[in-house]
Amino acid sequence: MNDTMFKELFDTYDWDEVKASIYAKTERDVIEALNKTHRDLEDFKALISPAALPFLEEMSQLSHALTLKRFGRTMQMYVPLYLSNECQNICNYCGFSFDNHIKRKTLTDDEILKEVAVIKEWGYEHVLLVTGEASQTVGVPYLKHAVQLIREHFANISIEVQPLEENEYHELSVEGLNAVLVYQETYHKDNYKTHHPKGKKSNFYYRLETPDRLGKAGVHKIGLGVLLGLEDWRVDSFFTALHLDYLEKTYWQTKYAVSFPRLRPAEGVLLPKMELRDKDLAQLICAYRLFNGEVELSISTRENEKFRNNIIKLGITSISAGSKTNPGGYSVEPESLEQFAISDERTPAEVATMLKQNGYEPVWKDWDLALMTTSHDH
Amino acid sequence: MEIKGLKIGDKVFASRLFTGTGKFSSSALMKRALLASGSELVTVALKRVDAQNEEDDILKHLGHQQFNLLPNTSGVRTAKEAVFAAQMAREALETNWLKLEIHPDPKYLLPDPIETLKAAEELVKLGFIVLPYVHADPVLCKRLEEVGVAAVMPLGSPIGSNKGLRAKDFLEIIIAQSKVPVVVDAGIGAPSHAAEAMEMGADAVLVNTAIAIAGDPVRMAIAFKLAVEAGRMAFEARLAKPSGLAVASSPLTAFLED
């Protein structure tokens with residue numbers, strides 16, 4: 001059994017050293033990385049460095065070809081379902097932050113099913129349940145009940161909630177949970193504390209070790225990411241790639257996905273420390289694909305229509321559409337507090353049409369509860 | 001001029017090109033390509049279809065009489081999961097044919113030989129026509145044959161890699177000693193690879209990625225059809241092997257002629 005934890009590896013790295021080595025990469029390093037078939041973390045550094053920007057078209061073409069080979073002309077469709085915006089954490093970039101004095105809402109069973117009816121009508125089979133962190137109202141019992149309530153309606157259920165214990169993840173898996181998304185937000189240990197001054201989330205290492213607990217619990221898929229713009233996105237992305245590389249080698253039966261949330265304005269929150277331009281994000285997505293041919297790369301409705309229409313060919317494998325980031329947003333209470341503003345307002349059908357026009361098959365179902373022994377007892 | 005039919009289980013296939021249904025840009029295009037390929041056995045992932053739904057896009061397009069469905073267990077990690085998924089597939093898709101694939105490693109999708117053998121044994125007992133996806137491991141193929149699988153499906157090279165028959169030396173052994181049909185699955189990236197496998201004496205090949213992501217999948221499907229037929233015909237016509245031994249005189253055996 002694995003008893004290692006990512007912390008041991010992570011603590012051997014120094015943020016400033018990593019940063020210096022990324023910015024020291026040269027055109028020569030980039031060309032070397034582009035010419036390889038198997039690229040390592042040093043190549044990844046070169047590909048996310050400023051020196052790689054002039055090679056964006058080459059990177060894009062390579063990324064497109066690699067993605068096509070592995071994933072074909074398909075795009076996985078998913079949609080978030082916000083269950084609650086109650087949260088005891090203070091996070092200085094998030095609309096749900098505890099100190100944001102706005103009315104809170106947690107969906108009841110009836111309300112959840114009303115929301116489910118809307119997104120099912122759109123054709124969704126893959127759903128992502130989202131909550132804030134409020135252990136009294138949306139703890140494990142609530143989540144377990146929610147999964148039980150909706151599992152007959154979906155082929156694939158993911159969650160993006162507070163970090164849990166290994167046995168709790170296992171408990172939810174048994175109910176039919178397939179994937180867990182847990183973003184580190186930033187790997188900058190000291191600044192993490194300033195961004196998360198209060199609440200359970202302020203414990204940096206507990207969050208850092210969450211993917212280890214997920215791996216040990218046997219959860220099928222783990223989603224990683226950082227909040228791009230919170231700190232230097234290049235350094236944060238290197239640590240994400242390091243984390244991914246470690247996890248793939250340690251929990252080799254698990255599938256991995258990376259998301260690219262770009263810090264966006266929400267009610268009463270801070271502006272990005274370091275802006276991530278469209279071309280930076282495109283470079284980053286291509287760099288991930290060149291580094292890892294198999295990882296799923298996901299893009300949300302935080303990004304605008306034009307960017308999404310074009311980024312799909314640069315390595316993306318899953319996309320959300322029609323998303324609301326507030327509990328009840330689809331039908332029950334459209335005006336409740338949202339986590340962040342979305343930029344692509346198109347309906348799922350409109351996005352599906354756009355995909356087809358670009359030669360992609362929107363995939364609504366790519367999982368089945370019948371494939372999980374753990375859920376067979378039901 | 002026809003090639004010999006291939007019998008697997010209770011069915012005889014005129015086409016020795018089996019196909020997959022993933023990675024196409026639309027189900028309509030998939031159907032056109034698979035029809036053009038002449039393929040009569042198409043594998044479909046249980047996870048991709050909604051068998052309860054009569055309007056399921058993939059199943060609707062595979063309803064043509066040319067196609068026999070070969071459900072696969074892609075996504076399972078253990079024998080136990082595979083057996084359960086197989087039973088669901090049998091019920092939902094009304095066929096006892098099964099492509100058994102257990103790849104607990106989602107990165108390279110390499111098959112787990114131990115779980116595969118365990119599941120195959122149980123599934124055969126449950127009345128399935130089992131076609132297991134395995135490494136080009138001759139001993140494993142014999143063990144699978146012993147538990148009663150209908151065919152073996154060794155990989156040519158890593159799945160989706162389009163690298164061709166990197167496992168050629170082992171495939172030759174499997175073909176030489178197998179009593180059940182050998183279907184080379186995975187890694188076949190070009191019609192020439194398919195022809196090579198057929199010339200070697202493989203009974204069939206299974207192709208997906210190379211057709212699905214080609215610039216023109218319909219034409220590529222036809223190219224594979226022709227290559228498979230050509231390769232098989234060459235095999236049946238007893239392809240002359242290149243030889244470094246040809247000599248006019250027989251210095252070592254001349255004394256026997258005296």
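A residue is termed buried if 20 or more other C-beta atoms lie within 10 Å of its own, exposed if 12 or fewer do, and partly exposed in between, with C-beta atoms placed from the backbone. The model is predicted: local features need pLDDT of at least 70 and side-chain atom pairs count only at pLDDT 80 or more, whereas totals for chains, interfaces and linings use all residues. Residues are numbered from 1 along each chain as its sequence is written, and chains are lettered from A and ligands numbered from 1 in the order in which they are written.

Lys23(B) is buried because 22 other C-beta atoms lie within 10 Å. Most residues other than glycine have a negative phi.

In chain A, helix H8 (residues 140–150) has Leu143(A), Ala146(A), Val147(A) and Ile150(A) buried. These residues lie on the same side of H8(A), because they cover an arc of only 100° around the axis, the arc being that of the directions from the helix axis to the C-beta atoms. An α-helix has 3.6 residues a turn, so residues three or four places apart point the same way. The packing partners of the buried residues of H8(A) include helix H6 (109–121), strand E2 (126–130) and helix H9 (166–174) of chain A.

Glu248(A) is found in helix H13 (residues 233–250) of chain A and is buried, with 20 other C-beta atoms within 10 Å. Leaving aside neighbours within four places in sequence, Glu248(A) is in contact (C-beta atoms, placed from the backbone, within 7 Å) with Tyr256(A) and Lys107(B). Glu248(A) and Thr4(A) are 244 residues apart in sequence and 13 Å apart in space, C-alpha to C-alpha.

The contact between the chains takes 24 residues from chain A and 26 residues from chain B. On the side of chain B that touches chain A, helix H3 (79–93) and helix H8 (209–212) each supply at least two residues; H3(B) gives the largest share, five residues. That side divides into 10 nonpolar, seven polar and nine charged residues; Ala, Val, Leu, Ile, Met, Phe, Trp, Tyr, Cys and Pro count as nonpolar, Asp, Glu, Lys and Arg as charged, and the others, Gly among them, as polar.

Definitions and conventions
Helix = DSSP H or I, 4+ residues; strand = E, 2+ residues; numbered from the N terminus. Contact = placed C-beta atoms within 7 Å.
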